[in-house]
Amino acid sequence: MERPLQPGGTIGILGGGQLGRMSAIAARRLGYKVRTFDPSAGACAAAIADEHVTADWSDTAALTRFAQGCGRVTLEFENIPPATVEFVAKSVPCHPSASVLATCQNRRREKEFLRASGIPCADFAVVSSLAELQAAVKSVGFPCVLKTADFGYDGKGQVKLPTAEADLAAAWAKIGGAGGVLEAWVPFQMEISVLVARTVDGRTAVYDPAENIHRDHILHLSLSPARISAATAAEARELALSIADKIQLVGLLAVEMFVRDGRIVVNELAPRPHNSGHQTFDAHETSQFEQHVRAVCGLPLGGTKPLAPSAMVNLLGDVWRDGQEPDWTKVLADPSAKLHLYDKGKAAPGRKMGHITVTAPTVEEAMRRAEALHAAL
Ligand code: AMP
């Protein structure tokens, strides 16, 4: 059995975005050394790391250098080739595994895994040609949504087909004719997500669901706890635990779910820290980033209880009006608000640049204040 990697050791992180940056901050706070790997030299996690390797995912010489001296390797980005993880795992324990990554990064494999595991998810059919799409709409029915198998996120690579009048050939062309899944549309009342951590020896920790509110297909607000019944929250936590066990997760997994009439339909899996868990940094016993580190290193997992109701609002590049740095004192003057900026350099519209977490006596109050701070920028 793999031995825990104690603080003082070196953790390698594949990917250098904000999720890696915040994981690196958590790891360094625990006394680990951190090495990051990303094709970009300017990756925002690099500033936190002791060492940063800039190379392509397929550069085995660079991967060998990166892995040398690491006691554990993990990842923060979903679209890393599983072959990269497989290569690194030959010399260092790497969590999550290439197989978990391969399942979660491809919608077809992900949905097939969920269905085979008896996890409730939207009805779907795998489509690999226009003819298959034409047949699939008959079994799945309308409305439905056609999704690419690979590289989908934040609503990208999706076409909604509202009625039988929908132009299937145009939808097929729009997803690039690359194949994917046709999914039944779920008329949900709310989107939630659950974070679950699991160690190599099967210990688990699960957080209460967060409620997610999107704008233009990008997460805008995440509220904790979600405004759902205790029974629905319990069902969501149980499903996340069951998925973590069935997929043999080691690390952290975010499970995105729809709530429909009080029941859960699982939408997507992300085997890494998740945007909807950022409030755990300031508003929970253990942040998702520290939990991620604890899970991959095989340490005792931390508590998951909320310390207060909270709301997290994303700061997209749009907040930098005319490229100007916003006046952050407006946020910093609020004692219940915490500002997180990722030092990503150029602010482009839609680019995730930071977030604010607000804690308050109720989640409604936290949401109201987070929205007000966001609007004031
Ligand atoms: P995804 O990239 O699969 O996470 O989807 C992005 C967003 O599209 C989700 O957060 C939902 O708001 C919406 N969506 C995706 N699939 C469905 C579905 N089957 N039914 C209803 N809404 C969906």
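**A residue and a ligand site**

Mentor: Gln 288 lies in helix α10 (residues 288–297), helices being DSSP runs of H or I with at least four residues, and strands runs of E with at least two, numbered from the N terminus. This is a predicted model, in which local features need pLDDT of at least 70 and side-chain atom pairs count only at pLDDT 80 or more, while totals for chains, interfaces and linings use all residues. Residues are numbered from 1 along each chain as its sequence is written, and side-chain values use heavy atoms, leaving out hydrogens and water.

Trainee: With which side chain does the side chain of Gln 288 make a polar contact?

Mentor: Buried means under 20% relative accessible area, exposed over 50% and partly exposed in between, with a 1.4 Å probe and protein chains only, and Gln 288 is buried at 0%. A polar contact is a pair of N or O atoms within 3.5 Å; within protein, one must be able to donate a hydrogen and the other to accept it, and residues adjacent in sequence count only if both atoms are side-chain atoms. At 3.2 Å, the partner of the Gln 288 side chain is the side chain of His 278.

Trainee: Which domains does the ligand lie between?

Mentor: Domain bounds come from an automatic or database domain assignment. A polar side-chain atom of Lys 147 lies 2.8 Å from a nitrogen atom of the ligand, and a polar side-chain atom of Glu 183 also lies 2.8 Å from a ligand nitrogen atom. Because both give residues to the shell around the ligand, the ligand lies between domain 2 (123–184) and domain 3 (190–376).
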